[in-house]
Amino acid sequence: MRIAITADPLIPVPPINYGGIERIIDFLIKGLVNQGHEVVLVAHPDSEVNAQLIPYKNTEGILGHVRNMLTIAKLKTFKPDVIHSFSRLAYLMPFMFSNVPKLMSYQREPTTSQIIKAMKLAKSNSLSFTGCSAYISNQIKPFASAYTIYNGVDLSIYEASTVFIKDNPLVFLGRIEPIKGTHLAIETAIKSNRKLIIAGNIPNEYQSYFDSQILPKLNNQIIYLGSVNDEQKNKLLRNSSALLMPILWNEPFGIVMAEAMACGTPIIGFNRGALPEVINDKVGFICSNIEEMINAIDNLQYINRSAVREHCEHNFGSEVIVNNYINLYQKLKLK
């Protein structure tokens with residue numbers, strides 16, 4: 001097949017540090033090319049992929065969005081069998097009246113009003129959607145064809161540690177902001193008398209949250225590393241006893257869960273969003289409050305870390321995800 005993929009314009013593929021979706025696009029392109037498909041990517045000009053790259057020119061303001069749409073319109077010369085968008089739904093506008101199958105992947109809460117408008121504009125049976133979890137795709141299904149294809153990880157990047165070591169630290173890995181529950185991870189670690197290592201970027205709008213609720217708690221027990229790259233992330237997760245996810249929002253998926261499981265690391269998280277789809281009692285603990293998280297920490301020795309890695313391999317490995325997308329592309333071509 002001839003497959004065109006569009007990414008958001010702000011982060012290169014693959015990313016250096018932050019950029020979970022860009023990592024998925026990277027392994028998807030590698031997998032497609034390895035299976036003999038012809039791929040073109042529209043993405044940040046610093047992207048480095050084993051496929052033809054069409055770089056965005058300008059991303060600022062309304063004019064930037066118009067230029068991005070015009071850049072994507074260049075795909076017409078490629079004559080794709082399928083256009084797969086990980087960028088904005090509006091960027092598909094140059095192809096809305098075309099018979100070319102279009103697939104929009106949502107990694108976040110969908111805006112149903114935009115989906116309804118797009119479905120009215122799109123050529124009949126030409127526009128479909130995926131959600132990175134059933135939690136997301138089920139919100140789309142009342143208005144359009146939607147499928148669940150989970151996020152995943154390139155397993156070759158991650159080395160699992162299959163031995164439980166009680167004194168290994170807990171880890172929090174993700175953006176430092178209130179809905180991610182960084183402050184609750186700290187409270188859980190303090191109350192359970194465990195070491196906690198925090199890693200992740202601080203968005204500018206949440207610097208005051210970090211300064212007021214995180215920074216004062218940092219010491220020899222609670223440590224903040226900043227942003228980490230893949231190598232650092234692998235080492236951090238592999239040498240931790242569990243990943244804490246005391247989320248205060250409906251997490252669409254959270255790629256860090258797949259990354260942790262690839263390292264054999266159990267997950268302890270709140271019952272929100274896609275978390276109960278991703279983990280079960282063999283690979284982690286689904287909790288309702290801090291007290292339940294503390295109890296889960298006391299029972300980590302009962303989790304088989306080899307089984308955690310296997311759960312990731314069977315459900316969230318890059319080969320599984322790539323094949324799921326290929327099967328869907330072929331289905332959309334036959335519509």
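Which residues lie nearest the centre of the largest pocket? Tyr18, Gly19, Gly20, Ile21 and Arg175 do, in the predicted model shown here.

**View 1. Centre of the largest pocket.** The lining of the largest pocket is made up of 43 residues. Those nearest the centre include Tyr18, Gly19 and Gly20, together with Ile21 and Arg175. The space in this pocket comes to about 1300 Å³.

**View 2. Helices and strands around the largest pocket.** Two or more lining residues come from each of helix H1 (20-34), strand E8 (170-173), strand E11 (242-245) and helix H8 (255-262). H1 gives the most to this lining, with 4 residues.

**View 3. Residue classes in the lining of the largest pocket.** Nonpolar residues number 20 in the lining of the largest pocket. The lining also holds 12 polar and 11 charged residues.

**View 4. Centre of the second largest pocket.** About 280 Å³ of space lies in the second largest pocket. It is lined by 14 residues, and those closest to its centre are Arg88, Leu89, Ala90, Tyr91 and Gln114.

**View 5. Helices and residue classes around the second largest pocket.** Helix H2 (61-73) and helix H3 (112-121) each supply at least two residues of the lining of the second largest pocket. The largest share is that of H3, with 4 residues. By class, the lining of the second largest pocket has 9 nonpolar, 2 polar and 3 charged residues.

Conventions
Residues are numbered from 1 along each chain as its sequence is written. This is a predicted model: local features need pLDDT of at least 70, side-chain atom pairs count only at pLDDT 80 or more; totals for chains, interfaces and linings use all residues. Side-chain values use heavy atoms; hydrogens and water are left out. On a 1 Å grid over the protein atoms alone, a cavity is a set of points where a 1.4 Å probe fits but cannot get out, and a pocket is an open set with protein on both sides within 12 Å along at least five of seven lines; lining residues have an atom within 4 Å of a point. Grid points are joined across faces, edges and corners, and a volume is the space filled by probe spheres set on the points. Ala, Val, Leu, Ile, Met, Phe, Trp, Tyr, Cys and Pro count as nonpolar, Asp, Glu, Lys and Arg as charged, and the others, Gly among them, as polar.
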